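Visitor: I would like to learn how to read a protein model. Please take me through a few features.

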Amino acid sequence: MNPSVGVSKSRQESTTETVAVDLRIVNATKPPRTNGGFRRTIVACEVIADLLVIVLSIVFGYSAYYHLALGKHILYGTQTVFAAAFGFATVMVLMLDRAGAYSRGNSLLRVRETEQVLRVSAQAFLVALAVSFSSGFLFSRWLLVFCFTIVPLALFAEKTCMYLLVSALHARGLGNERVLIYGAGTTGRRVFSTLRRSPRLGFEPVLFVDDDPDKAGTSIFEMGYERRRCAPVVKGPVCKELLNEYEIDSIIVAAPSIGREHFVHVVNKAFDAGVRLSFVPSHFLASDSLVNYQDIDGVLLASFGKSTKKTGYEVIKRGIDIVVATICLILGSPVLLLLATIVRLDSPGPALFKQKRVGRGGTLFEMYKFRSMHIGASGSDYSPQTQNDPRITRFGRFLRRTSLDELPQLLNVLRGNMSLVGPRPEMPFIVNEYGDKERQRLQVKPGLTGLWQLSGDRAFLIHENIEYDLYYIQHRNLFMDLAVLLHTSIFAMRGI
């Protein structure tokens with residue numbers, strides 16, 4: 001193999017065999033067209049925006065504290081407020097940078113970005129509190145509460161606007177790297193969906209090339225319920241003329257079973273055209289290890305290592321589950337009653353649907369949902385994968401699209417069968433077919449929402465897309481849970 005090939009971490013691939021996806025970067029003989037300048041400009045703008053937002057948030061927090069006259073009402077001069085705000089903002093931006101907030105691969109459905117904001121905000125305010133005690137400069141506790149609440153919310157809003165802005169710029173063709181995906185199978189589809197769901201990365205998958213003549217002339221759509229974006233499939237092989245015609249900047253070989261001869265051919269053509277090349281090889285992996293993920297150029301990759309039990313985190317999480325579930329059930333009871341009434345009026349049958357699911361450690365429990373299917377539908381069959389499934393009722397389509405059918409699972413959270421965040425619980429007949437790899441999902445309590453629900457891979461069976469669950473199991477923490485809940489609320493409000 002060419003010595004310029006570097007080994008990265010591997011990503012798990014769901015196929016009929018236990019294989020993994022690994023992305024390796026091959027450096028071209030001459031530099032390809034890249035969006036490096038565009039990315040550096042965006043990062044600089046984001047750093048400046050973060051600084052301004054943090055400063056303005058603290059000033060706004062002090063203004064609210066001053067006008068509400070809460071607590072001991074400690075007064076600070078204008079210069080002192082701005083100086084402290086700028087110093088705090090500088091420290092926080094440095095902490096965000098250290099956490100990887102400005103790196104190219106900071107995606108993972110944007111949940112990791114939100115988790116970093118929440119975590120760094122908490123750490124920064126603890127630092128500010130420590131400085132106030134050691135320096136004798138006293139901060140009002142009410143002022144800290146205001147700022148601690150406003151800063152992460154303002155940063156989240158600002159980063160959402162930045163995400164939309166960069167996406168719009170990429171949609172206009174600014175800062176894009178045009179990508180050719182070699183292989184129009186399952187792996188290629190997932191690479192395509194990953195790049196499409198990460199517009200901030202600046203990779204624009206414009207073309208599939210496949211050696212199968214039956215696939216030529218077709219189009220590949222991104223995974224998920226919304227099948228809006230697609231790319232055409234062209235019959236192989238890859239040649240320099242094809243790369244120049246479509247102005248390709250990068251090639252991703254997404255065919256794990258590709259033969260050595262075909263692979264070397266694609267590598268040589270990439271070198272000849274000055275195009276960067278990545279590839280996804282296939283190899284067997286031990287099935288008793290957990291997965292540690294990272295993003296390389298927008299593709300979710302994984303390494304393997306043992307998980308550690310997080311007792312303190314689980315105790316705190318259980319307390320949060322009880323408090324949040326109780327509050328939501330009490331405050332949301334009118335909405336729950338209204339939804340139950342509409343379900344009953346829309347089609348014959350009970351409002352609630354109970355089904356056996358598998359929880360932590362393989363224990364069975366009854367999971368509650370608002371009934372979204374006709375009562376004649378089998379309760380021991382695979383769940384509908386599209387909104388047009390004839391088993392779904394008219395109101396059931398709305399419930400499933402908005403995820404409101406999941407609200408009764410707050411009862412499961414209160415009872416301790418489930419948590420607010422975690423892998424989705426599967427039906428027993430599916431779990432019975434699990435291998436060692438899939439059984440890793442059962443190491444933690446299932447959740448009402450999680451990373452998988454936020455992904456475009458919801459169009460596929462849960463156990464066929466376990467990468468997100470395994471990432472969560474390895475990296476779960478309170479800030480990630482809060483980030484998932486925040487994104488889920490927005491996800492549901494958009495009605496996706």
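Guide: We will go through helix packing, cores, strands, backbone angles and salt bridges.

Guide: This is a predicted model, where local features need pLDDT of at least 70, side-chain atom pairs count only at pLDDT 80 or more, and totals for chains, interfaces and linings use all residues. Residues are numbered from 1 along each chain as its sequence is written, and side-chain values use heavy atoms, with hydrogens and water left out.

Visitor: At what angle do the axes of H8 and H9 cross?

Guide: Two packed helices are described by the angle and the distance between their axes. Axes are lines fitted to C-alpha atoms, for helices over the stretch in contact, with angles from 0 to 180 degrees between N-to-C directions. Helices (H or I, at least four residues) and strands (E, at least two) are DSSP runs, numbered from the N terminus. Helix H8 (residues 311-331) and helix H9 (residues 333-346) cross at roughly 65°, and their axes come within 4 Å. Cys328, Leu329, Ile330 and Leu331 of H8 make the contact with Ser333, Pro334 and Leu336 of H9. Contact means heavy atoms within 4.5 Å.

Visitor: Which residues have the most contacts inside the largest nonpolar core?

Guide: A nonpolar core is a set of buried Ala, Val, Leu, Ile, Met, Phe, Trp, Tyr and Cys residues joined through side-chain atoms within 4.5 Å. Buried means under 20% relative accessible area, exposed over 50%, partly exposed in between (1.4 Å probe, protein chains only). The largest core has 30 residues, and Leu451 and Val484 have the most contacts inside it. H9 gives the most to this core, with four residues. A second, separate core has 28 residues, including Val81 and Leu96.

Visitor: Which strands are joined to S4?

Guide: Two strands pair if DSSP finds at least two bridges between them. S4 and strand S5 (residues 203-210) run parallel, joined by six bridges. Four bridges join S4 to strand S8 (residues 250-253), also parallel. Tyr182 has Val209 as its bridge partner in S5 and Val253 in S8. Five of the six residues of S4 (residues 177-182) are buried, so the strand is largely enclosed by the rest of the structure.

Visitor: Where is there a cis peptide bond?

Guide: Look between Gly236 and Pro237, where omega is about 5°. Pro237 sits in the loop between strand S7 (230-235) and helix H6 (240-245). Glu247 is not a glycine, yet its phi is positive, about 55°. Glu247 lies in the loop between H6 and S8.

Visitor: How many salt bridges are there?

Guide: Side chains of opposite charge can pair when their charged atoms come close. A salt bridge here is a side-chain nitrogen of Lys or Arg within 4 Å of a carboxyl oxygen of Asp or Glu. The count comes to 13. In one of them, Glu115 meets Arg119 at 2.8 Å, N to O. Both lie in helix H3 (residues 111-135), four residues apart, about one turn of the helix.
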